Amino acid sequence: MTDIRELLLSRIRDVADYPEPGVMFKDITPLLADPAAFTALTDALAEIAERTGATKVVGLEARGFILGAPVAVRAGLGFIPVRKAGKLPGATLAQAYDLEYGSAEIEVHAEDLAAEDRVLIVDDVLATGGTAEASVQLIRRAGAEVAGLAVLMELGFLSGRARLEPALNGAPLEALLTV
């Protein structure tokens, strides 16, 4: 696992003062552009999906779509997007949540999830955990079980894990990298 961590870290670019002064943005686009690194990431996340017994993969808008869809294909599972409010057609189930300044809302097509589904949530970064926590609540409200949460990178200094662990109720939270 050390080799994959080194590979992934070597393909993540730091961008200072983005999107605002004082923030060090972790840009994953160089990783996505490298087929070997993107394949290694997809394989590692698909192995988590298999280990957790997931039957579906949920990707969180927007980079969670980029990571989650190939994971679902590799693991032979269905993929379900969780989107910002107003982006999905037809009937949706919504979950509001608080941000540092303000609030947001995410939605899913509830008919894409069933009581027998075990869902692995996939995203690029775990920061404060607000969106991930809302997705856990949304999946449960849709009647499915949360198999776990898998992210490329956890920003440990933002304490998202501490916020999420009670909501996960024993389901694993796996980060390939922690910074």
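A residue counts as partly exposed when its relative accessible area falls between the cut-offs of under 20% for buried and over 50% for exposed. Asp 17 is partly exposed because its relative accessible area is 48%. Keep in mind that this is a predicted model. Here is a quick tour, from the sheet to some backbone details.

**The sheet**
- Seven strands form an open sheet with mixed pairing, in the order E5-E6-E4-E3-E7-E8-E9.
- Strand E5 (93-99) and strand E9 (173-178) are the edges, each pairing on one side only.
- From one strand to the next, the twist averages 20 degrees.
- E7 (residues 118-126) and E8 (residues 145-154) run parallel, paired over 8 bridges, and Val 125 stands opposite Met 153 in E8.

**Helices on the sheet**
- Helix H3 (residues 35-51) packs on the sheet and touches E7, E8 and E9, its direction making about 160 degrees with that of E9.
- Helix H4 (residues 63-75) also packs there, touching E3, E4, E7 and E8, with about 170 degrees between its direction and that of E4.

**Annotated span**
- An unreviewed UniProt entry places the feature "domain: Phosphoribosyltransferase" at residues 31-154.
- That span is 36% helix and 36% strand, and its end C-alpha atoms lie 16 Å apart.

**Backbone details**
- Most peptide bonds are trans, and most residues other than glycine have a negative phi.
- Tyr 18 and Pro 19 are joined by a cis peptide bond, with omega about 5 degrees.
- Another cis bond links Glu 61 and Ala 62, with omega about -5 degrees; Ala 62 lies in the loop between E3 and H4.
- Asp 17, in the loop between E1 and E2, has a positive phi near 60 degrees.
- Asn 169 has a positive phi of about 50 degrees and is exposed, with a relative accessible area of 66%.

Notes. Residues numbered from 1 in each chain as written. Predicted model: local features only at pLDDT ≥ 70, side-chain atom pairs only at ≥ 80, totals over all residues. Heavy atoms only, no water. Pairing = 2+ DSSP bridges. Helix = DSSP H or I, 4+ residues; strand = E, 2+ residues; numbered from the N terminus. Axes fitted to C-alpha atoms, helices over the stretch in contact; angles between N-to-C directions. Contact = heavy atoms within 4.5 Å. UniProt positions renumbered as here; feature names shortened; annotations may be inferred. Buried < 20%, exposed > 50% of the residue type's maximum accessible area, 1.4 Å probe, protein only.
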